[in-house]
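Please examine the structure shown below together with its sequence. The paragraphs that follow lead through its strands, helices and cores in turn.

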Amino acid sequence: LNEQANQLAHHLLTHDAGPEKYIALAIPRSTHLLTALLATLKTGAAYLPIDPDYPPNRINLLLDDAHPTLLLTTTTTTLPATTTPTLHLDTTTTTGHPVTNPGSPAAPDNTAYLIYTSGSTGKPKGVMISRRSLDNFLGDMDARLKLTPDDRILAITTVGFDIAALELYAPLLAGASVVIAPRDVVRNPGQIGEWVERHGVTVVQGTPSWWHTVATLPAMAGVRMIVGGERLPPDVAALMCGNSAGVTVMYGPTEATVWATSTELTDGDQVTLGRPIRNTRVYVLDRHLRPVPPNVPGELYIAGDQLARGYHDRPALTAERFTADPHGTPGTRLYRTGDLARRLPDGTLDFLGRVDHQVKLRGFRIELGEIENCLSLHPQVRQVTVVAREDRPGDQRLVAYVVAGEVDADVLRRHTEERLPDYMVPAVFVVLDSLPMSPNGKVDRAALPTPQTPATTGGRAPRTPLETTLAELFT
């Protein structure tokens, strides 16, 4: 793997790769992907991960915003037409290049990767993560997880989601193995157990929604489980603790390099965010940036080596979200997470919710404003608001309420599917004559009607994760 990455790195250097240059990667889940990631880092350049399953409009938007020097892909990957110079890895010969390390000229503060998250203004924002931050994160994970050469991590996360970095890099630091699950297996929980058994997987990372589906599979017994990306419900935590070799809970926004806090969970424990990882500080502050007492809610801020450099070509937004740290040494910064939390008497952090309309669904961070902006581009749409509803426990879904002309829900769904990743497409579209308004002229979200669900004919609720999955499929 190292020799192949070195040869590709030497080849990329002939294509002007280097520090502060971006190389876009739109590669299916394969060993080509891991080789390309390592090769890019070896040149000193930063990689821009693009999920090939993104809609063409989304891919073009990322390429136009980042202006990468090169796009790495394969001949079997369907991508929209682009003016970005493109290299197909499956037809490119690199065997003539040296197998030795190229000797990267990158400095610790150079960007390691540029990853895009949902933006409240309707435009995704690119988060620039430095090599120092990535190194700090991986160094902590290496010490915390204590992987050995006998371990095998199942990589299931799309490279467009930053938590994939743990699955792909942490095993290599310890001499452990990476088992890259193909797309079809990732999307079929029924095959996950088979892959875990077949490949002797010992560690798996996933979101609470994903673990709710697979935690009780017989193959998961004895597997070390890592969970994060959204709030962990107590019932899912109990399922995981009852069928694993250990549960590690993680928390962290993209702007703090994957995970910023961690804790080990045992059965019966209160689910918390734990404590910060190394070289990371967390604060619970009021609106004047003053610390609040234990058990008092406040906004969660993060400081230290984990912080991103900022947002790509968005200096105003960077200045808004990354502020001077009044509690640290001169020159240090705080990142405002937008999460509400409280510090418990033992020093651990308890997550309480959000201070804005940002939501997390299946681990993906979603700014509802971006979906609203997309729908407002349809010529028939006059007003729109999108909310995340949980009308049944554990069943959170996006619902779009639209005031529009002669248009139906199917047309609106196709409109969003052509422009947004699948996890941002609302599950339900409700067309209304008007949106309920509060006295101050804002949309009264509490007065929005509950979406109609198909009539049922008796029966009972699902009792196991497998029954839940089947019920959701038929719904």
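Helices (H or I, at least four residues) and strands (E, at least two) are DSSP runs, numbered from the N terminus, and two strands pair if DSSP finds at least two bridges between them. Within this pair, Val-284 has Leu-300 in β15 as its bridge partner. Strand β14 (residues 280-285) is largely enclosed by the rest of the structure, because 5 of its 6 residues are buried. Here buried means under 20% relative accessible area, exposed means over 50%, and partly exposed lies in between (1.4 Å probe, protein chains only).

The model is predicted: local features need pLDDT of at least 70 and side-chain atom pairs count only at pLDDT 80 or more, while totals for chains, interfaces and linings use all residues. Residues are numbered from 1 along each chain as its sequence is written, and side-chain values use heavy atoms, with hydrogens and water left out.

The interior may be considered next. In soluble globular proteins, nonpolar side chains tend to be buried together. A nonpolar core is a set of buried Ala, Val, Leu, Ile, Met, Phe, Trp, Tyr and Cys residues joined through side-chain atoms within 4.5 Å. The largest such core has 106 residues, and Leu-72 and Tyr-169 have the most contacts inside it. Helix α2 (residues 31-43) gives the most to this core, contributing 7 residues. A second, separate core has 27 residues, including Val-201, Met-225, Met-240 and Leu-265. Which residues does Tyr-169 touch, not counting residues up to four places away in sequence? Tyr-169 touches Leu-37, Leu-38, Leu-41, Tyr-47, Leu-134 and Leu-138, where contact means heavy atoms within 4.5 Å.

Two packed helices are described by the angle between their axes and the distance between the axes. The axes are lines fitted to C-alpha atoms, for helices over the stretch in contact, and angles run from 0 to 180 degrees between N-to-C directions. Helix α4 (residues 131-145) and helix α5 (residues 164-173) have axes that come within 10 Å and cross at roughly 65°. The two helices are therefore roughly perpendicular to each other; angles under 35 degrees count as roughly parallel, over 145 as roughly antiparallel, 65 to 115 as roughly perpendicular and the rest as oblique. Their crossing is right-handed: a crossing is left-handed if the near helix is turned anticlockwise from the far one by less than a right angle, and right-handed if clockwise. Among the residues that meet are Leu-134, Phe-137 and Leu-138 in α4, and Leu-166 and Tyr-169 in α5.

Another helix pair involves α2. Helix α1 (residues 2-13) packs with α2 at an angle of about 55°, their axes being 8 Å apart. This angle makes α1 oblique to α2, and the crossing is right-handed. The residues that meet include Leu-8 and Leu-12 in α1, with Ala-36 and Leu-38 in α2.

Attention now turns to the sheets. Strand β7 (residues 152-155) pairs with strand β9 (residues 203-206) in the parallel sense over 2 bridges, and Leu-154 has Val-204 in β9 as its bridge partner.

How is β23 paired with strand β22 (residues 381-392), and over how many bridges? The pairing is antiparallel over 9 bridges, and Val-384 has Val-402 in β23 as its bridge partner. Strand β24 (residues 428-432), in contrast, runs parallel to β23, with 5 bridges between them. Strand β23 (residues 395-404) has 8 of its 10 residues buried, so it is largely enclosed by the rest of the structure.
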